[in-house]
Amino acid sequence: MFDVLHLSFQYLHWRRPSGTPAAAPQGTTRTFIPTPSGDLELLCAKPLNPVAGIPPVVFLHGGMGSAWMWHEYMRHLAEHGVTSYAVSARGHGASWHPFFFRMLYATTKRELANDFVAGIKAVQEWEGSEVVLVGHSSGGGLSQFILSEGDVKVKGLALLGAVPGTGSLSVYVNWWLLDPWFMIRMIFHGWHSNSPLSHPSLVKQAFFGRDYPGDKLLEFQRHLNRYESFLWPLGMMFRFVDPKRMMRNIIGWEKSAETYRIAFSELVRESKLEAKDETIHALPGEGDLDNAGHGVDLAWVPGAGHHLQNDMPWEIGAAKLWAFLRRL
């Protein structure tokens, strides 16, 4: 029965990490941003030969993640002349860690958003430029929330497997259907936040394609954070973004698909955005499914799981992100 449940306590933690953090991923450097609550990790990858006219990129991780999740994309962009940064919110990566119960039950999406905003503002100050914001999963949800709240203005927005601003309830229903032992395992684990990802088999099922190798899976598992906020996903179960307000905080022009295409067209008609409202047309790219129009590019990474930036076809996604940056 336990084999069916994938019931393991090996990958669950109740205490904050201690000691010196692991070295920054190859090709990146690490610095820390001071905030009133604690220091936040910021990874950076700078190119040897920067391409003029391409704004810096700031990556935001999702639940259970950290800045480390972006190291392959960061190296890829650096090789193509683009400077990029990745922020770890509190309780993630090498950033400061709240204790277990505070993280699970008292850390809100607003507090995590504040951490990401601190990282974005630090980069904008250093670079002297607005950035292109790239958010994955719940970090993509917070990217939309940050812009909807008017916390920053950015030159572009890319959402990778992101929580939709209209709410994520259906996303979690799909996860429960994918993993029928979800709730039973949570009870055995005492409602630990990481129970749904407490075994490599569960991580692979939720995040990766069938061909993802075991050695990379174990490395990825080691980089999952020790415990996660429950209030972060709960705060995004239902609509939490105003699409029009969000899009008005993007300077120059990007992109969730139908919801934001409708909002974009309405803003152009109302003369609240100075932009050309193009009809939907095909874009070149792997899979022949990509298209653009009404202010939004929609691209797919064939064969990739939810963690497309770490899955085996990650280079396809990185190349499509690079192509998007060139179109800005």
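Predicted model: local features only at pLDDT ≥ 70, side-chain atom pairs only at ≥ 80, totals over all residues.

Then I looked up the strand order: three strands make an open sheet, running 7-8-9, with antiparallel pairing. Which strands stand at the edges? I found strand 7 (281–282) and strand 9 (296–298) there, and each has a single partner strand, so one side of each is left without a neighbour in the sheet.

**Entry 2, strands 8 and 9.** I wanted to know how many bridges join this pair. Strand 8, residues 291–293, pairs with strand 9 over three bridges, in the antiparallel sense. I also looked up the bridge partner of Ala292, which turned out to be Asp297 in strand 9.

Ser137 has one, at about 55°. I placed Ser137 in helix 5, which covers residues 137–148. Is Ser137 buried or exposed? Its relative accessibility is 14%, and the cut-off for buried is under 20%, so I put Ser137 down as buried.

Asp288 is not a glycine either, and its phi is positive, near 55°. Where does Asp288 lie? I traced Asp288 to the loop between strand 7 and strand 8, back in the sheet region of my opening entry. I have Asp288 down as exposed, with a relative accessible area of 70%. Side by side in my notes, then: Ser137 is buried, whereas Asp288 is exposed.

Terms used. Residues numbered from 1 in each chain as written. Heavy atoms only, no water. Pairing = 2+ DSSP bridges. Helix = DSSP H or I, 4+ residues; strand = E, 2+ residues; numbered from the N terminus. Buried < 20%, exposed > 50% of the residue type's maximum accessible area, 1.4 Å probe, protein only.
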